Amino acid sequence: MANSRSVEDLLRAEYFRLLPDARRALLETETRVRSALLDTSLALQPFERLVVTARIKECENAINSLRRRQPLGLFDSDQAAEYSLSALRDLAAVRVMAFPKRRVDETHGILQSILAGWTSDPIPAVEESGVPLAYKYFGKWNSDAPITAEVQIVGLLIGLFWEVEHSAIYKPNPSLQGVRTDVVIQSRDDVLTALQRFEAEFANAMMASPRREETILR
Amino acid sequence: MKAAKDPILRAAGYAYNFDRLAYYNRSAKKAFSVEWVEDHTDKELREELSKTNNSGEWLVYAEPQPSERVKREFLAEIGG
């Protein structure tokens, strides 16, 4: 008898089969990242921040993420067996948010050494010629692991903005239908550009006057 | 992320569907996936936009090409 379950139902079942492996991948990734950054964390100035967050993508978000990767953002129910959440690169993900920019660069340098075998996939700036909004890597600690993990390194201001913005704009929510207008998207891009400019200007000011860091913040 | 060629498509009368990641124009009966737009040059895009579609059927520019079932679902959604 043919399987009459929808693509989404099959993926929901797969999600819970994959969950233990996703948890293991997340635990290992977070532990390795925190360990590598221990010295930096202990050396932070009072105004500096280094925040590590870890999450497993929720079931419906994972399915929607896979859907967006299909042609025209739709699953083909005739090809239901072809889809797998293990194709996602960020089912298990760690985000490192740092401030100021020199801590982002330092963090990136440190993590590059432990992510040497992973694939780099930076998130580009809104303006094509700009520096990336964030550094991103995906890979596996063991080649036979079923789950690909992601590590993202981003400035704290942009990282915190994304935590609010992504859930409001990218994740389907019936009460928010219609808010993803061009004006909202353009405003989002303007905010990202402004935050990135602030981080760059703050870094420039620190370079010019390294003893006045606390004054700059007032 | 939307295509950097957004102004070209807007000027040609194309609307953007955020969920389907595609631009479409009902009168021209054409749709372009964002991936296709990003993978082609401005010149190639303008050439495809300037072609008249006399087939009576929708032309969907996407790589890989979506199945007929997916196309039907997409067109039903955008009122094509």
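This is a predicted model: local features need pLDDT of at least 70, side-chain atom pairs count only at pLDDT 80 or more; totals for chains, interfaces and linings use all residues.
A:Arg55 has A:Ala93 as its bridge partner in strand S2 of chain A.

Strands S1 and S2 of chain A run antiparallel and are joined by eight bridges. They belong to an open sheet of five strands with mixed pairing, and its order is S1-S2-S5-S4-S3. Strands S1 and S3 of chain A are the edges, each pairing on one side only. Packed on this sheet is helix H5 of chain A, which touches S1, S2, S4 and S5 of that chain. The direction of helix H5 makes about 135 degrees with that of S2(A).

| Element (chain A) | Residues |
|---|---|
| Helix H5 | 156-169 |
| Strand S4 | 134-139 |
| Strand S5 | 149-155 |

**The nonpolar core**

In soluble globular proteins, nonpolar side chains tend to be buried together. Here the largest nonpolar core has 59 residues, and A:Ala92, A:Ile153 and B:Ala22 have the most contacts inside it. Which residues does A:Ile153 contact, leaving aside its neighbours within four places in sequence? They are A:Val96, A:Val104, A:Thr107, A:His108, A:Leu111, A:Ala134 and A:Tyr135.

**Where the chains meet**

The contact between the chains draws 11 residues from chain A and 16 residues from chain B. On the chain B side, helix H4 (residues 68-78) gives the largest share, four residues. By type, the chain B residues touching chain A comprise nine nonpolar, five charged and two polar.

How values were computed: Residues are numbered from 1 along each chain as its sequence is written. Chains are lettered from A and ligands numbered from 1 in the order in which they are written. Two residues are in contact if their C-beta atoms, placed from the backbone, lie within 7 Å. Helices (H or I, at least four residues) and strands (E, at least two) are DSSP runs, numbered from the N terminus. Ala, Val, Leu, Ile, Met, Phe, Trp, Tyr, Cys and Pro count as nonpolar, Asp, Glu, Lys and Arg as charged, and the others, Gly among them, as polar. A nonpolar core is a set of buried Ala, Val, Leu, Ile, Met, Phe, Trp, Tyr and Cys residues joined through C-beta atoms within 7 Å. A residue is buried if 20 or more other C-beta atoms lie within 10 Å of its own, exposed if 12 or fewer, and partly exposed in between; C-beta atoms are placed from the backbone. Two strands pair if DSSP finds at least two bridges between them. Axes are lines fitted to C-alpha atoms, for helices over the stretch in contact, and angles run from 0 to 180 degrees between N-to-C directions.
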